[in-house]
Each structure stands twice: as C-alpha cells, then as structure tokens.
Amino acid sequence: MNYLSVENISKAFGERVLFSDISFGINKDQKIAFVAKNGTGKTSILDIIAGITPPDSGQVVSRKGIKISFLPQEPNLDGNLTIEETIFASDNDILKVIERYEKALNNPEDQDAYQKAFDEMEQLQAWDFETQYKQVLFKLKLDQLDRKVHLLSGGQKKRLAMANALLNKPDLLILDEPTNHLDLEMIEWLEDYFAKENITLFMVTHDRYFLERVCNEIVELEDGQLYSYKGNYSYYLEKKEARLQLEAVNTGKAKQLYKKELEWMRRQPKARTTKSKSRIDDFSEIKAKAHKRRENHTMQLEINMERMGNKVVELHKLSKSFDDKIILKQFDHSFQPGERVGIIGKNGTGKSTFLNMITGALQPDAGKIITGETIKFGYYTQKGINIKPGQKVIEVIREFGDYIPLKKGRQISAQQLLERFLFDRKKSYDFVEKLSGGERKRLYLCTVLIQNPNFLILDEPTNDLDIVTLNVLESFLLDFPGCLLVVSHDRYFMDKIVDHLFVFRGEGVIEDFPGNYSDFRAYEDSTPVAAQIKEIKTEKTDWKKDNTAGKLSYNEQKEYEKIERELKQLEYRKKEMEALFAEGTLDNEAILEQSKELEQVIKNIETKEERWFELAGKLEG
C-alpha cells in the first residue's frame, strides 16, 4: 500500500541547485534510510515531504487519512511549558480521544456518543496513555516532568520532540538524524522500539549500526541520481560496490570509444549527412562518460607529526564533582604512544568534562595531570566553528595552517585536505555562510587536523556528518600515528578506530575495557556475573543512607565495585585465550605457556567470585 509519492521535485537556492526531478515512493511497512553527502539537500527533501516547505517544482502526494509525524533536527517547542505539558499540548489523536471520552462521561444520557468514545479508547489503547508517555520519557532520560522546556539543553529538546513523535503513533514517521543527542543505551532502546512497533519510517541518519538493524531499504542520492537498495546497510555496501565496479568497466569502455571518436573529430568531418551530424552530437555524451571520475578518496598517509616522547599524558588520582554529582574518583591512567581509546557512557556521566580536564580547559578538584613536553593536542569539541562574516572556506582553514607534513618531504596542502574531505575547488572558494550544518562540521574537522596534532581528542565527531565523510574520516584516523581519544555514540565508528574503552558508569566509576564496542556489548550480554549483578544490585546510595549490618561498609562497597570490574576483565581474557586454543595455531611451547596463564586466570576468577558472592549476599541482607 502506497503511503506517499514524491513526484519530480526540485529545489534550488539562488544559483545553487540542490536537486532536480527527484521521484520515489514510500509504502506501508518500509523502513527507508535516505543517504547523501552533506549539502546535497537531505534536510530540504525531508522538509518538503513533511509539508514544511514547498518544492520549486513537482509535488508530494500522500494517501488520504494517513497520519504523518516529523522529527526535525531543530524542533520548535514552547519554552514556557513543562515537559509533561508539552506532551499534552501536542497534536496527538490519543489525547483527542481521551478528551471525547471524558466529555461523554459527563453526558451519560447520550449513549451513542459514549459507545463511540469507548470504542475509540479501545481501538487506540488509550486507557494507559499516562503509563505509555511516562515510560517513553523515562527511557529518553526526561524524568523531571515539571521542568520548563526553556531550561532544557538542545539534546533534551530533541528527545522531547522524539517522545511526542513516538507517542503520536503515526502511520509514517519522518526522522532527521534521530540518534543525535542520544547515548548508546537510548539508541539501542530506540532500535528495539522500531523493531517491535508497526511504523513506516523514512529517515536521514549517519548511524550505520542503526541502518543495519532498523532499515529494510536504503535510497541514495548521488550526482543527482537516485539509487535504491532493498536491504540493510550491509546489503547496500555490497550492491553499491558492485554498481561502482560496473560503472568503472563502462567508463573504461567509454574512454576507448572516446579515443576513437576524438581521432575522427580531429579530422574535422563536415556535418553534411544525417549520420555524421548524429555522430557529432553523440561525441559530447561519450566525452562526459569517459571523463567521469569518482570522488572517493582512499587515504594511505604517512603523517610526519612531531615525535612523541615516552611521556605522553599521565593522570594521577584525578577527582572531579559538581555539587553532589561525582564525575571522577581517584582515576589513574598513563597514555602510551599510539594509544586509541574510545569513551562510552550515559549522557551526564562526565565524558566531555573528562576531555576538558585533559586539555586544561577545566581543572580537577584533586589529583594532577602531567603532559609530555612534545604533546600537541587537537581538540574537536561539540561547539563547532566560529564563523566570521564574509569568510571563504579556504580562508578559514588557512588561519590554522597551510599544510600537513608527510614523510619523505611530501605534504598535504590546506586545499588538498579540503578536497580529501569532499570540498571541491569551487566549494573551497564559497562563503562559509552558504555551507550546510554538516559541511560546517566537516570544515571544523579540517581546521583541527591541519594543525598536525599528535594527540587528537574528538568529542562526538560523527554528529551531522554524512556516511561518505565518515568513511573518509575513518580512513584518515586509521592512518593517524598519534594518540586518539574519542567520545562517540556511533558504534560502527568506534569499532573501526579504537583499541579499548573507558566505560563511564556514573558516580565516578570508570572501567577500562580491553576491546571495542561490539566486544563490550557481547561481553555485557553474555557474562553471567554481569547479569547476576544487574539483578541483585541495589542503588549505589543505599549503603550511605542506611549503614546497617545488612549493608556494606564504605571499604566493602569499594571492594565490591573493584571486584566487578576485575571479574569482567578476567572473563574477557579467558574468552580470548579459549578462542586462541580453538584456532589450533599454537606450537607446543606456546600451548604450555598459555595453559599456565589460563589456569591462573581461572583460579583468579574463582577466588574473586567467591568474595563477590560473599559481599553480594551482605548487600541483599
């Protein structure tokens, strides 16, 4: 069943044409991701489909009676309302049904109206609406229902708008970057929600795991052409690669034909016959095909950054809190040259605060940070770039540097770096005001990289970047020889570029996990100890409130938390070693050595588990 048809729409801003003659349809039960480079009009297409702005030409036709909800990147909410009042002020059909039912209750003599209202309540399952909206708000960490909207952060406003969109239970839900401002726990909850709910989706998102798990079709806009892939992200990558290979073959054939036709054209044929006229007309088309180049930049750089000494950055017993909120508690870590760390955790656990302390923008309450003499930080923050009126793209980047030195005396100029990050020469001389939000983020990234840091810190670098740019950034970071510290909710990105994780648990607890995000998620889901902890663990503040015989003392609580962390690391190491044995590639000497280590690991697990169960029993008591 067709819900909506987009018919030959076009949009331009002045001389800049975003897209023209675009057509596609959205059918019931489709979960479509719309993929394109930043600046090609993704948000404009969503605005047109949602009826926010009209196209310059063409039309959008929706099926009569279908309910459409739209989640924009920047939602427009009434700042004077509270979170709960915002839900009740929304244009939600369920609220209208509840209102009609309450009116019918006040007029018991009108049995027909009462029966109709009752049937509507049944049909929309409106009886437990209060429970529904509170569950959704709590999942999106909006539990202060009486908090005014104007006091909320940008991310909280986006989550409130999402709650409204989900509670409206639309037939078609249009989403513009839905995972921005969500932590990993919320993203995974949203994935599960969309898997269970019967909603047709059309979305723009750069979250590739989200694409993989939620979408069943990907529509890509590239060079003004639409390409449709009936599958998830893995299918899209496979089929797109096949398409590019076919295009490369066709381009090769076109080049041969172009060479042949060029020789004929150079003989200056007189266009006297219909045949020769036609051949001349066809020449320009052959020439275009022969000169078609792909703008894919596979980067294999040997960056010649300043040498790092043995001392990189040392964190000694760092502590930080804001009022009663503990961010760090006696945290120690010494970064090694080339170390690549990802930081994950719920919103509000102090990830950005941690980065600001390392770079000196914020001071710890206790402890000290020692930075090596040769360390040069490059810090990409969530704030973005300050734009000066009348500045051109190339001028912005040259304020920070003219080139990145490579080995063997080579270098990447500012212009070349822009080209690698998909700013062609024409775009490099555009005014910055003309750039889309995603293009500005891309430019900001270039200003950080051109400074040639040897310790790169990235705070949510993937927000608002398109998938093409993400692939370029990943290629650059895989070649980057320095230290890397990244906060990101993009699981695909983290899996690709980091070696281990700092897991911010809250209340000052930070775990060092030896693996990437997928390793961490698999470990969390499969470890029996973690599951048991989840079931019996009480609130962290219980022992502070009531330190009776059935609770843990302060030192026991610290020991309990430490054993939890150590058990997870030991279990992970055990799995690694068992996998190594299963491969069957070890020689006799290695088997003997690994067996001894495995025996010791198992012994440590048993000892620590025994103590853990003893403390857990006390906690339950």
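User: Is Phe455 buried or exposed, and at what relative accessible area?
Analyst: This is a predicted model, where local features need pLDDT of at least 70, side-chain atom pairs count only at pLDDT 80 or more, and totals for chains, interfaces and linings use all residues. Residues are numbered from 1 along each chain as its sequence is written, and side-chain values use heavy atoms, with hydrogens and water left out. Buried means under 20% relative accessible area, exposed over 50%, partly exposed in between (1.4 Å probe, protein chains only). Phe455 is buried, at 0%.

User: How many aromatic pairs are there?
Analyst: Rings of Phe, Tyr and Trp (its six-membered ring) pair up if their centres lie within 6.5 Å; planes under 30 degrees apart are stacked, over 60 edge-to-face, and the rest tilted. Going by that rule, the count of aromatic pairs is 26.

User: What kind of aromatic pair do Phe377 and Phe455 form?
Analyst: Their centres are 5.2 Å apart, with 65° between the planes. That makes the Phe377 and Phe455 pair edge-to-face.

User: How many residues apart are Phe377 and Phe455?
Analyst: Strands here are DSSP runs (E, at least two residues), numbered from the N terminus. Phe377 sits in strand E14 (residues 377-380) and Phe455 in strand E17 (residues 455-459). The pair links distant parts of the chain, 78 residues apart.

User: Which residue has its charged end over the ring of Phe423?
Analyst: A charge sits over a ring if NZ of Lys or CZ of Arg is within 6 Å of the ring centre and within 35 degrees of the ring normal. Over Phe423, 4.8 Å from the ring centre, you'll find the charged end of Arg442.

Technical notes:
Helices (H or I, at least four residues) and strands (E, at least two) are DSSP runs, numbered from the N terminus.
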